[in-house]
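Subject: Structure for your review

Dear colleague,

Please find below the structure that I am handing over to you. I would be grateful if you could read the notes that follow with the structure open beside them.

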Amino acid sequence: MTARFFNGISRLLFRGEHNRFMKPCDIGQVQGEYLMSLITGNAGTVYGKKFGFSEIKSYADFAEKVPLTFYEDYEPYIEAISDGEKRVLTAEDVTLLEPTSGSSGGRKLIPYTKSLQREFQRGIRPWLYDIYTNVGGVCNGKSYWSITPVTSGKEYTKCGIPIGFEEDAAYFGRLEQAVMRRLFAVDKSVKFAGSIEEFYFQTALQLLECGPLSLISVWNPTFLTILCDFIRGHSSELSKKLPRTVSERLICAVSENRFDKLFPDLKIISCWADGSAADDIGGIAERFPGVYVQPKGLLATECFTSFPLIGEEGSRLSVYSHFFEFRRLSDNVILTAEQLSKGEYELIVTTGGGFYRYQIGDIIEVLETYPDRPPRIRFLRRSGVTSDLCGEKLTESFVRSVCASLGIAGGFCLLAPEGKQYCLYTTAREVTDEMLDKALCGSYHYNYCRQLGQLRGAKVCRVGGNPERRYLERLAADGMRLGDIKPAYLSKKSWTDIFDLEGTDKC
């Protein structure tokens with residue numbers, strides 16, 4: 001059966017959720033009913049008893065009784081779940097623990113329940129239905145959804161709870177999984193490749209063999225450009241395993257670095273394009289000229305926050321997925337979804353996976369609000385991504401502005417502390433140590449630390465090879481999922497032994 005047939009079935013399966021989302025609604029009522037259902041259902045859990053869920057009758061009660069949380073607050077509960085204890089954070093059983101981590105922290109394990117998976121589906125379904133309906137030709141081909149490799153094999157907790165999804169189709173319902181597996185250009189076998197090199201090779205080979213490919217959904221845009229560059233660099237080995245017509249198309253495409261010619265049926269690429277990722281979109285446009293690039297909504301391992309609609313700027317808050325709160329940055333007042341107005345906010349989320357008033361660390365901008373429709377939002381940056389060796393308090397947004405002022409934001413740039421100085425790992429040639437340090441001194445606190453002699457002058461470390469790939473692979477080796485690795489300009493880790501540095505100087 002053809003891809004068009006199975007895409008048509010998917011569209012029918014997704015239509016109901018799309019229609020519900022697009023119908024005018026009372027956002028406060030939708031969110032309030034979800035919250036009270038969740039609190040009532042989990043009142044008998046360890047966490048629910050501790051914070052008096054049975055006494056909560058309104059959002060005001062919830063905000064008063066339940067504290068704001070970070071991941072560290074859940075670690076003892078997740079450890080108990082891993083040991084086999086029931087009814088800890090949720091009345092439902094935990095079906096698996098999905099690994100993730102912050103850019104500077106160790107591995108985190110996020111509990112998944114059937115409710116949390118359904119909450120993800122309430123955002124995925126209307127998003128895909130909108131694409132199937134409004135992007136011509138997308139139903140005629142297969143789809144590539146990025147897969148995170150696991151080179152160490154399957155993992156389980158002491159009591160046998162799986163760690164990690166086996167395949168991306170697991171985010172869908174059971175019937176949808178059966179359909180989507182017929183549409184995936186790359187199957188789950190690549191997830192368990194023996195090495196990163198083998199993962200890229202098998203992914204590339206399956207993509208080239210899949211026939212018409214109409215949709216690509218990845219997270220970090222640099223992952224796709226790295227995959228394209230891998231195909232280009234290994235075209236000879238790949239072509240030996242391909243039919244003659246595909247091999248000829250491959251040779252022609254890589255000679256021009258035009259991957260739209262390699263995948264002529266491709267209609268849409270979904271990837272991050274907000275925040276720091278905006279500077280990496282040019283690499284995709286260069287390799288896929290004419291292909292529509294749709295910025296992803298805001299998604300994380302913990303929650304599904306928003307999704308885009310064709311023809312709109314930003315993305316719509318997925319009000320049927322979770323309960324959302326927003327800390328307004330201008331005055332630190334916490335608001336609910338129906339109280340929003342234009343401005344910048346920190347996201348706080350409560351989900352069916354057992355995270356309550358969880359400060360996920362994302363800063364968003366509200367672009368537009370409506371009386372009977374979900375607001376449009378846009379991801380701006382991560383909160384709390386700072387480096388502070390001795391009081392300099394450098395932030396991700398400031399470092400990005402420094403790179404922009406130096407005219408190098410379009411290339412690879414990563415600032416990291418090394419000893420008592422900062423090193424900028426970059427492919428740029430035109431920036432000197434003095435230029436970098438002067439630009440960083442635009443920060444009052446950094447300048448003050450330099451004047452006191454607490455920090456040595458910043459250094460430019462020019463990198464060769466493929467620094468984007470080294471960046472992704474190092475963080476993946478540290479326990480992060482590829483889907484969680486956002487482009488960044490600032491890291492708190494040491495990178496001096498990771499990149500291929502030109503010359504002999506190291507920070």
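This is a predicted model: local features need pLDDT of at least 70, side-chain atom pairs count only at pLDDT 80 or more; totals for chains, interfaces and linings use all residues.

I begin with Leu-89, which lies in the loop between helix 5 (75-82) and strand 1 (96-101). Leu-89 counts as buried because its relative accessibility is 1%, the cut-off for buried being under 20%. Apart from neighbours within four places in sequence, the residues in contact with Leu-89 include Asn-42, Tyr-77, Pro-111 and Tyr-356. Val-402, by contrast, is 313 residues from Leu-89 in sequence, and their C-alpha atoms are 43 Å apart in space.

The next region concerns strand 7 (residues 268-271) and strand 8 (residues 292-295), which run parallel and are joined by 4 bridges. Within this pair, Val-293 of strand 8 stands opposite Ile-269. Together with helix 13 (residues 281-287), strand 7 and strand 8 form a right-handed β-α-β unit.

Finally, there is an open sheet of 4 strands, in the order 18-19-20-21 and with mixed pairing. Its edges are strand 18 (413-418) and strand 21 (500-501), each of which pairs on one side only. Strand 18 runs antiparallel to strand 19 (residues 421-426), and 6 bridges join the two.

Yours sincerely,
A colleague

Conventions
Residues are numbered from 1 along each chain as its sequence is written. Side-chain values use heavy atoms; hydrogens and water are left out. Buried means under 20% relative accessible area, exposed over 50%, partly exposed in between (1.4 Å probe, protein chains only). Contact means heavy atoms within 4.5 Å. Two strands pair if DSSP finds at least two bridges between them. A crossover is right-handed if, with the strands pointing away from the viewer, the path from the first strand over the helix to the second runs clockwise.
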